[in-house]
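Please look over the sequence and the coordinates together before reading on.

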Amino acid sequence: MERQARGGGPTTIGTLSTKTAEDETEDVTEQPQAPQLKRRLGRADLRAVPEARKALRDLLGQWGKHGQSDVAELLTSELVTNAIVHTDHDAVLTATVGPRGLRVEVRDFVARRPRLRIPVADDGTNGRGLFLVQSLADAWGVRAHGVGKAVWFELGAEAA
């Protein structure tokens with residue numbers, strides 16, 4: 001997040017750096033970008049679920065994690081399904097891999113927070129998505145943004 005400093009130039013909130021804008025530009029070109037997947041999910045389009053799984057599998061394959069993406073695909077499909085089924089809006093899927101692991105986020109445009117429900121044997125298969133995310137992810141959460149929320153999870157490099 002940037003804001004204008006009193007001197008008129010941009011400053012980053014929460015960090016202190018003595019680098020100039022030119023130094024930061026040079027650093028960015030020298031460092032490889034973390035592989036990232038970003039995909040818009042259409043409103044009520046359940047075809048997005050298998051498409052998201054395949055795109056994530058391809059991303060993890062480029063990262064060198066062939067055959068280790070089952071948990072990541074499952075959790076991603078749960079978040080995508082929730083966004084498509086429980087909102088009447090588009091959503092955005094973002095997955096980023098880095099040295100520490102994988103972060104997947106599904107952002108929607110409805111402020112209502114999801115509820116974690118403990119599955120009951122007679123409930124069939126509905127209502128287990130966030131329970132799976134909580135059980136299998138190394139970290140997960142919900143964060144508010146301007147007009148909605150983002151539900152995210154992280155898996156360490158060895159699990160992704």
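How many residues has α3, and how far does α3 reach from its first C-alpha to its last? Helix α3 has 17 residues and reaches 24 Å between those two atoms, close to the 24 Å expected at 1.5 Å a residue, where the expected span of a helix is 1.5 Å times one less than its number of residues. Helices here are DSSP runs of H or I with at least four residues, strands are runs of E with at least two, and both are numbered from the N terminus. The model is a predicted one, in which local features need pLDDT of at least 70 and side-chain atom pairs count only at pLDDT 80 or more, while totals for chains, interfaces and linings use all residues. Residues are numbered from 1 along each chain as its sequence is written, and side-chain values use heavy atoms, with hydrogens and water left out.

Within α3, the buried residues (under 20% relative accessible area, with exposed meaning over 50% and partly exposed in between, for a 1.4 Å probe and protein chains only) are Ala72, Glu73, Leu75, Thr76, Ser77, Leu79, Val80, Ala83 and Ile84. An α-helix has 3.6 residues a turn, so residues three or four places apart point the same way. The buried residues of α3 pack against β3, α2, β4, β5, α4 and β7 (148-156), where contact means heavy atoms within 4.5 Å.

Two of these partners are helices, α2 and α4. Two packed helices are described by the angle between their axes and the distance between the axes; the axes are lines fitted to C-alpha atoms, for helices over the stretch in contact, and angles run from 0 to 180 degrees between N-to-C directions. The axes of α2 and α3 come within 9 Å and cross at roughly 145°, and α2 passes α3 in a right-handed crossing. A crossing is called left-handed if the near helix is turned anticlockwise from the far one by less than a right angle, and right-handed if clockwise. On the α2 side, Ala48, Val49, Ala52, Arg53, Leu56, Arg57 and Leu60 take part, and they meet Ala72, Glu73, Leu74, Thr76, Ser77, Val80, Thr81 and Ile84 in α3. The residues of this contact divide into nine nonpolar, three polar and three charged, with Ala, Val, Leu, Ile, Met, Phe, Trp, Tyr, Cys and Pro counted as nonpolar, Asp, Glu, Lys and Arg as charged, and the others, Gly among them, as polar.

Helix α4 (residues 129-136) packs with α3 at an angle of about 145°, the axes being 9 Å apart, and the crossing of α3 and α4 is left-handed. Here Val71, Leu74, Leu75, Glu78, Leu79 and Asn82 in α3 meet Gly129, Leu130, Leu132, Val133 and Leu136 in α4, and the residues of this contact divide into eight nonpolar, two polar and one charged.

The protein as a whole has four helices and seven strands, and from the N terminus on its elements run β-β-α-β-α-α-β-β-α-β-β. Of its 160 residues, 33% are buried, and residues 24 or more positions apart account for 59% of the contacts with a separation of 6 or more.

Ile84, in helix α3, counts as buried because its relative accessibility is 5%. Leaving out residues up to four places away in sequence, Ile84 touches Gly42, Ala44, Asp45, Leu46, Ala48 and Val49. Ala44 lies in the loop between β3 and α2 and counts as exposed at 57% relative accessibility, although the C-alpha atoms of Ala44 and Ile84, 40 residues apart along the chain, are separated by 5.1 Å.

In strand β5, Asp108 counts as buried at 3% relative accessibility. Apart from neighbours within four places in sequence, Asp108 is in contact with Ala83, Thr87, Asp90, Ala91, His145, Gly148 and Lys149. Gly101 also lies in strand β5, and its C-alpha is 4.3 Å from that of Gly156, which is 55 residues away in sequence.
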